[in-house]
Amino acid sequence: MDRLLQSRRPAWGVILSALLLSLSCAGRSVKADRPSVILVSLCSVRADHLGCYGYSRNTSPHIDEMARQGTLFEYALTQWPKTAPAFSAIMTGEYGHTTGVVRTTAMQRLEDEAVTLAERLSESGYRTGAFLSSSALSRHLNIQQGFDRFEETWRPEPGKRKSREDGYEAAWRRALAWLAADDSPAFAWIHFNHAHYPYQPAIVHDGRFLPDSLPAGGHLLPVKFDRRSVPGLPPDHPCRPQVTRPDLGAIHKGAAIPRTPGGRDYHRDTNWYVAQYDACIRSADDDVGRLLEEIDGTPFTTPPIVILIGDHGEALGKHDYWFEHGRFAYDDCLRVPWIVKCPGRIPEGLRIEIPVGTFSMGPTLLDWLGMPSADCEAPSLASLVDRGGASGDLENRPVFSEAGYEKDYMLAAREGDWKLIFVPNQRDREQQAGAEFELYHISSDSEELTNVAAEYPDELAYLRERLFEWAAPWREDAEALVPAGADLDPETARNLRALGYID
Ligand SMILES: [Zn+2]
């Protein structure tokens with residue numbers, strides 16, 4: 001409690017004091033009619049690669065069914081397209097420059113003073129448990145604040161060989177066991193990492209979306225950032241872009257690169273990687289489906305609120321950015337799925353069209369639970385859902401995002417059909433469209449390929465003004481921000497290296 005009252009936001013202290021005072025008479029309990037909350041998060045899953053968002057491949061039958069039963073946000077945008085900054089924003093309702101968790105994973109740690117959703121719920125009497133299958137969300141990030149139970153299911157158990165699939169299944173099975181141990185309201189967060197490179201789908205889905213001419217399977221090729229160390233790499237292999245422009249991703253050094261059957265050629269068709277990425281999403285959908293089935297079969301006193309949300313998308317070759325995320329602020333990496341289901345409480349079959357930020361998840365949830373509003377940068381979307389998606393008080397309120405690795409930094413503002421990307425640094429501009437401002441009309445150019453800033457000066461001026469108004473108090477600091485280093489245990493460091501987060 002002392003720590004919470006020392007928050008940099010005094011209003012939190014007032015709210016929590018009143019809340020804790022009211023709880024002190026009754027002990028640590030929540031109203032019996034408050035529902036449990038089950039948050040399922042997916043790493044690297046692009047919204048537009050799911051059936052319920054219009055994708056042509058059958059990647060997500062279970063998630064599609066969930067969307068039919070609940071409310072779906074069409075344009076949910078992350079506040080920073082990298083795992084740790086994205087979740088720091090989701091869990092605090094604050095932008096990356098405010099949480100200080102930005103850029104690459106090994107240098108990130110959420111401040112103790114940050115007030116997380118888990119802390120809010122815990123202080124209100126909820127049991128809180130996290131079951132996470134990604135080393136990017138290990139304890140070094142300090143995102144365990146407020147969780148009674150914090151399980152890192154990606155970690156190998158002593159003396160036991162463990163596959164990636166074991167870690168995913170353990171995440172949802174342990175969460176269900178923990179939920180079932182007590183019938184008091186609980187907040188369970190389950191995180192799946194299936195779609196993160198190196199794009200290794202579950203065996204049952206390996207090759208599912210490959211045309212006959214493309215072989216399934218593959219082997220791990222340790223592609224280095226130095227072209228001389230890549231043995232036999234053909235000149236036209238898609239790894240080349242990474243070798244020449246390492247900051248842009250390309251085929252990741254940990255990617256599974258197949259040989260043709262019986263041959264020694266590396267596969268050169270980048271569609272192979274996209275197909276295997278889609279198969280990974282289908283693998284995640286399997287685990288989501290089994291989890292949802294178990295939840296549906298569990299006799300909760302009050303139906304739980306089930307939330308499915310993405311942290312960031314994945315670049316699949318547009319803008320010369322291959323199989324990575326975090327560097328740029330284009331929608332391939334910003335736009336993620338966000339679906340909420342709770343029969344009788346959340347509208348069924350509703351699709352919210354206006355763009356929203358995923359960091360609104362916490363304040364929206366607190367409103368749904370009838371708890372005091374969160375004092376944070378993210379607006380609650382509860383009234384937006386109540387209005388059936390009519391923008392109301394969110395009219396003329398752009399959604400902002402930030403992006404960048406290391407010292408790179410850019411900002412984006414999205415309102416309605418229009419999106420502005422501001423690129424402060426000349427070096428970054430050279431790797432993008434070459435301009436300081438990029439304006440896109442999303443409904444006619446969803447891939448953000450044609451900068452129309454010159455043709456639409458009014459739209460440019462409007463969004464530029466809104467963006468600068470928002471960023472003025474802190475922009476110079478954010479551009480210069482170099483996060484402090486976090487202490488990594490050897491196992492976390494090893495796993496992060498395998499996922500390509502650190503060298
Ligand atoms: Zn992620």
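The model is predicted, and every value below was computed from it. In this model a zinc ion is held by C43, T83, D311 and H312, strand β13 pairs with β2 and with β9, and strand β17 pairs with β16 and with β18.

**The zinc site**

- The zinc ion is coordinated by the SG atom of C43, the OG1 atom of T83, an OD atom of D311 and the NE2 atom of H312, at 1.9 to 2.2 Å.
- The angles among the four donor atoms run from 95 to 120°, and the site of the zinc ion is tetrahedral. As a point of reference, the ideal angle at a metal with four tetrahedral donors is 109.5 degrees.
- Along the sequence, the donor residues follow the spacing C-x39-T-x227-D-H.
- C43 and H312 are both buried.

**Strand β13 and its partners**

- Strand β13 covers residues 338-341, and both of its faces are covered, with W338 and V340 buried on one side and I339 and K341 buried on the other.
- Strand β2, made of residues 71-73, runs antiparallel to β13 and is joined to it by two bridges; within this pairing, L72 has I339 as its bridge partner.
- Strand β9, made of residues 305-310, also pairs with β13 in the antiparallel sense, here over four bridges, and V306 has K341 as its bridge partner.

**Strand β17 and its partners**

- Strand β17 spans residues 410-415, and six of its six residues are buried. On one side these are M410, A412 and R414, and on the other they are L411, A413 and E415, so that both faces of β17 are covered.
- Strand β16, which holds residues 399-403, pairs with β17 in the antiparallel sense over five bridges, and the bridge partner of E402 is L411.
- Strand β18, which holds residues 418-422, is joined to β17 by five bridges, and these strands run antiparallel; E415 stands opposite W418 in β18.
- Strands β17 and β18 form a hairpin with two residues between the strands, and in this hairpin G416 takes a positive phi near 60°.

Note on methods
Residues numbered from 1 in each chain as written. Predicted model: local features only at pLDDT ≥ 70, side-chain atom pairs only at ≥ 80, totals over all residues. Heavy atoms only, no water. Buried < 20%, exposed > 50% of the residue type's maximum accessible area, 1.4 Å probe, protein only. Pairing = 2+ DSSP bridges. Donors = N, O, S within 2.8 Å, 3.2 Å for Na, K, Ca; no water. Tetrahedral: all angles 85-135°; square planar, octahedral: opposite > 155°, others 65-115°.
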